[in-house]
Amino acid sequence: MKKFTLLFAMAVLLFTINSCSRKVSRVSPDEQIDISGRWNNTDSRLTAEQMIGDILKANWFTNFMQAKQGQKPVLICGFVDNKSHEHIEAETFIKDLEQSFIKTQKVRLVQAGKKREELRGERADQQTNASVSTMKKFGMEVGADYILQGSINSIVDSHKRKKVVYYQINLELTDMQTSEVVWIGDKKIAKYVKN
Amino acid sequence: MIIQTHQNNVFGHGSIGFNNIALFNAPLTALGIKIVIFKKKKYHYNMKNSIPILFLSSCISLSSLGQARQLVADQNPQYMQSQNKYMAMADSLTAWHATTLQNTYKAYDFFEAKAERKAERRDFRRTLRLERARRLNYFDPYNNQYYNNRNSFWYNPYNNFQYRRRWW
């Protein structure tokens with residue numbers, strides 16, 4: 001009887017220790033793990049894959065190359081407006097997209113926003129601190145031909161334990177000179193969540 | 001060493017200190033420097049001289065103006081209105097480029113709403129408890145519970161128990 005009690009106590013102790021300890025393990029970023037049903041890394045990855053596949057195969061690219069005698073188009077990234085019900089950071093898939101531009105060497109990319117402000121600040125600093133031979137000049141930046149803007153929208157339909165969440169991510173490419181929209185890419189994700 | 005200069009070129013428009021040029025020169029001559037000052041030639045204004053200069057300057061200014069306002073084919077002639085407007089606010093418009101603007105909304109979720117209602121009830125009960133505890137420790141001289149005035153049962157204006165005929 002004593003032995004049994006001891007074994008039982010040991011088992012309870014082991015169970016308690018196991019259940020209280022936190023376990024962390026590395027998983028592949030490509031692995032699909034859905035926990036809460038909210039926007040997650042899988043959604044971001046799927047969006048990036050779809051957009052990368054679409055943007056460089058679309059007609060705007062060949063049209064530009066023909067019109068400009070083989071010159072590569074220059075792109076700048078604008079805002080992505082998140083109008084969904086969740087906090088979604090678009091930079092996760094926008095960066096994947098930008099990376100693909102640089103990797104494929106089909107499109108030239110110019111810096112935008114705060115980073116551009118920072119490098120202009122650095123250039124201004126060079127005007128007084130760098131040697132004349134290494135100092136970079138103002139007014140020599142590459143002007144963008146197209147701006148990439150986007151929006152994220154969502155629709156939620158829920159009743160008691162069931163919920164359907166729909167995300168629509170749109171990226172638009174607009175000609176800087178004419179304001180003509182030359183490409184719209186979209187990724188639609190629908191999730192059925194049952195609590 | 002000899003420094004040759006015009007009077008106006010050394011000290012601007014006036015001739016400050018040049019009355020005592022000998023005094024000014026004395027320490028310099030010791031160092032082997034001598035300042036020789038020439039009087040500037042008096043310039044007589046002549047209309048004939050100024051005509052080509054005026055013509056040239058007007059030509060340059062007109063050509064530069066023409067370059068600035070030169071329209072490309074099919075360009076709107078009023079484009080400067082828009083350009084001036086957006087040039088003034090370009091920095092603020094582009095500062096947050098390459099970022100996500102979070103204009104999120106609150107979607108209805110059955111379980112979230114239930115949990116919120118529960119949390120609200122809990123919060124209300126807690127506030128009520130705290131308020132009660134606070135009031136018990138608070139001495140209000142106009143509502144003194146120790147002397148049974150006003151709020152007391154016997155002095156309540158909404159009941160007339162004290163004036164009623166009692167069975168005993």
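Trainee: How much space lies in the largest cavity?
Mentor: Keep in mind that this is a predicted model. A search of the whole structure finds one cavity of 30 Å³ or more. The space in the largest cavity is about 30 Å³.

Trainee: Which elements give two or more residues to the lining of that largest cavity?
Mentor: Start with the lining residues: A:Gly78, A:Val80, A:Ala90, A:Glu91, A:Ile94, B:Ala98, B:Thr99 and B:Thr100. By class they divide into four nonpolar, three polar and one charged. The elements giving two or more are, in chain A, β1 (74-82) and α4.

Trainee: Which element gives the largest share of the lining of the largest pocket?
Mentor: The largest pocket has a volume of about 1,300 Å³. Its lining has 30 residues, and nearest its centre lie A:Ala144, A:Met176, B:Tyr86, B:Ala90 and B:Thr94. Chain B elements that give two or more residues include α4 (79-88) and α5 (90-94). The largest share, five residues, comes from α5(A).

Trainee: What is the handedness of the crossing of α2(A) and α4(A)?
Mentor: Helix α2 (residues 41-55) and helix α4 (residues 91-104), both of chain A, pack at about 35°, with axes 8 Å apart. Residues in the contact include A:Met51 and A:Ile52 of α2(A), and A:Phe93 and A:Leu97 of α4(A). By class, the contact has seven nonpolar, four polar and one charged residues. The crossing is right-handed.

Terms used: Residues numbered from 1 in each chain as written. Chains lettered and ligands numbered in written order. Predicted model: local features only at pLDDT ≥ 70, side-chain atom pairs only at ≥ 80, totals over all residues. Heavy atoms only, no water. Axes fitted to C-alpha atoms, helices over the stretch in contact; angles between N-to-C directions. Helix = DSSP H or I, 4+ residues; strand = E, 2+ residues; numbered from the N terminus. Left-handed = near helix turned anticlockwise from the far one by under 90°. Contact = heavy atoms within 4.5 Å. Nonpolar A, V, L, I, M, F, W, Y, C, P; charged D, E, K, R; others polar. 1 Å grid on protein atoms, 1.4 Å probe; cavity = no way out; pocket = protein on both sides within 12 Å on 5 of 7 lines; lining within 4 Å. Points joined across faces, edges and corners; volume = space filled by probe spheres on them.
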